[in-house]
Amino acid sequence: MFVCSCFGVTDRQVREHQEAGARTPRQIASVSKAGTDCGSCVRRIQGLLGRGACPGRQPAATAAAGAVEEPASAPSVAEAA
Ligand code: FES
């Protein structure tokens, strides 16, 4: 069954990439391009990979922390000016 119709990637191919070491949709994309066009297949790929394959959970939290820290650095920029 096709998982990614844009690139003709099947669930079997995703499983093969997973067995070869791919753990995230991004890693699947890097070896097969699946998910790099319309993106509608990314959730299906996540489903095939199982839990822990959610992309960007950790970086999103880090980015949010960075956004919180940014205003704290703003006064120092204002002080410098
Ligand atoms: S269906 Fe996979 S990128 Fe479009």
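Author: Let's start with a word we will need all the way through: a residue is buried if 20 or more other C-beta atoms lie within 10 Å of its own, exposed if 12 or fewer, and partly exposed in between, with C-beta atoms placed from the backbone. This is a predicted model, so local features need pLDDT of at least 70 and side-chain atom pairs count only at pLDDT 80 or more, while totals for chains, interfaces and linings use all residues. Residues are numbered from 1 along each chain as its sequence is written.

First, the setting. The chain has two strands and four helices, and from the N terminus they come in the order β-β-α-α-α-α. Here helices (H or I, at least four residues) and strands (E, at least two) are DSSP runs, numbered from the N terminus. The chain has 81 residues, and 21% of them count as buried. Two residues are in contact if their C-beta atoms lie within 7 Å. Taking the contacts in the chain between residues at least 6 apart in sequence, 45% join residues at least 24 apart.

The part I have picked is helix α2, which covers residues 25-32. Which of its residues are buried? They are Pro25, Ile28, Ala29 and Ser32. The buried residues of α2 pack against β2 (9-10), α1 and α3.

Now zoom in on Ile28, which belongs to α2. Ile28 counts as buried because 28 other C-beta atoms lie within 10 Å. Not counting residues up to four places away in sequence, Ile28 touches Val14, His17, Ala22, Ala34, Gly35 and Ile45. Leu49 is 21 residues from Ile28 along the chain, and their C-alpha atoms are separated by 9.6 Å.

Ala29, also in helix α2, is buried too, because it has 23 C-beta neighbours inside 10 Å. Leaving aside neighbours within four places in sequence, Ala29 is in contact with Ala34, Gly35 and Thr36. Between Ala29 and His17, 12 residues apart along the chain, the C-alpha separation is 10.0 Å.

What about the helix next to it? Helix α1 (residues 11-19) packs with α2 at an angle of about 105 degrees, and their axes are 10 Å apart. Axes are lines fitted to C-alpha atoms, for helices over the stretch in contact, and angles run from 0 to 180 degrees between N-to-C directions. The angle therefore makes α1 roughly perpendicular to α2 (65 to 115 degrees; under 35 is roughly parallel, over 145 roughly antiparallel and the rest oblique). On the α1 side the contact is made by Gln13, Val14 and His17, and on the α2 side by Ile28, Val31 and Ser32.

Follow the chain past the end of α2 and you reach Lys33, which takes a positive phi of about 75 degrees although it is not a glycine. Lys33 lies in the loop between α2 and α3. With 14 other C-beta atoms within 10 Å, Lys33 is partly exposed.

Beyond four places in sequence, the contacts of Leu48 are Val3, Asp11, Val14 and Arg15.

The core has 12 residues in all, including Val14, Ala22, Ile28, Ala29, Ala34 and Ile45. The elements that give two or more residues to this core are β1 (2-4), α2 and α3 (42-49), and α3 gives the most, with three residues. In soluble globular proteins, nonpolar side chains tend to be buried together.

How values were computed: Core = buried A, V, L, I, M, F, W, Y, C linked by C-beta atoms within 7 Å.
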